[in-house]
Each structure stands twice: as C-alpha cells, then as structure tokens.
Amino acid sequence: LELIPDTLRGRVMGISSVANNGLKAIGSLSIGVIAGSVGAPAAVGLCGAILLVGAVVLGSRFPSIIRLR
C-alpha cells in the first residue's frame with residue numbers, strides 16, 4: 001500500500017521529522033512546567049488524559065485513520 005508518491009516522499013519525510021522532533025520538545029517543556037507545579041504523577045496523568053481525548057476526537061472526526069493498516 002503506497003500512500004505517498006515517490007516524487008513527494010522526501011518532502012513528506014522531512015516534514016514528518018521536523019514535526020516529530022518539534023512536538024517532542026514542546027511536550028517535554030509543557031510536562032516539565034506542569035510537573036513543577038502539581039507533581040510528576042499528576043502531570044503524567046494529565047498529559048495521558050489529554051492524549052486519550054485527542055485520540056478519541058481524531059478517531060471520531062476521521063474514521064479512516066482507524067482503518068489504516
């Protein structure tokens with residue numbers, strides 16, 4: 001199953017890499033700030049709850065994402 005044409009594969013991988021590394025930095029900063037104010041267990045729980053809500057929202061808005069295999 002090929003989703004990306006070969007002519008765009010490098011650009012898509014570049015955008016994916018930049019987004020992935022950038023989101024890691026933002027996530028680390030935000031969980032650090034939250035953990036500093038409410039403690040590490042609460043920060044991890046809060047971020048997990050946000051992730052779960054985001055997954056449910058995306059799954060309900062874009063059901064084709066769930067069917068990708």
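1. Over the chain the mean pLDDT is 89, with 94% of residues at 70 or more. Where pLDDT is low, the predicted coordinates should not be read in detail.

2. This is a predicted model, in which local features need pLDDT of at least 70, side-chain atom pairs count only at pLDDT 80 or more, and totals for chains, interfaces and linings use all residues. Residues are numbered from 1 along each chain as its sequence is written, and side-chain values use heavy atoms, leaving out hydrogens and water.

3. The chain contains three helices and zero strands (DSSP runs numbered from the N terminus: H or I of at least four residues for helices, E of at least two for strands). Its radius of gyration, taken over C-alpha atoms, is 16 Å, well over the 11 Å that the globule rule (2.2 Å times the number of residues to the power 0.38) gives for 69 residues, so the chain is more spread out than a compact globule. The C-alpha atoms fill a box of roughly 45 × 25 × 15 Å along the principal axes.

4. The axes of H1 (residues 9-38) and H2 (residues 40-61) come within 7 Å and cross at roughly 135°; axes are lines fitted to C-alpha atoms, for helices over the stretch in contact, with angles from 0 to 180 degrees between N-to-C directions.

5. Through contacts (heavy atoms within 4.5 Å), Ile31, Ile34, Ala35 and Val38 in H1 meet H2 residues including Ala40, Val44, Leu46 and Cys47.

Conventions: pLDDT = per-residue confidence, 0-100.
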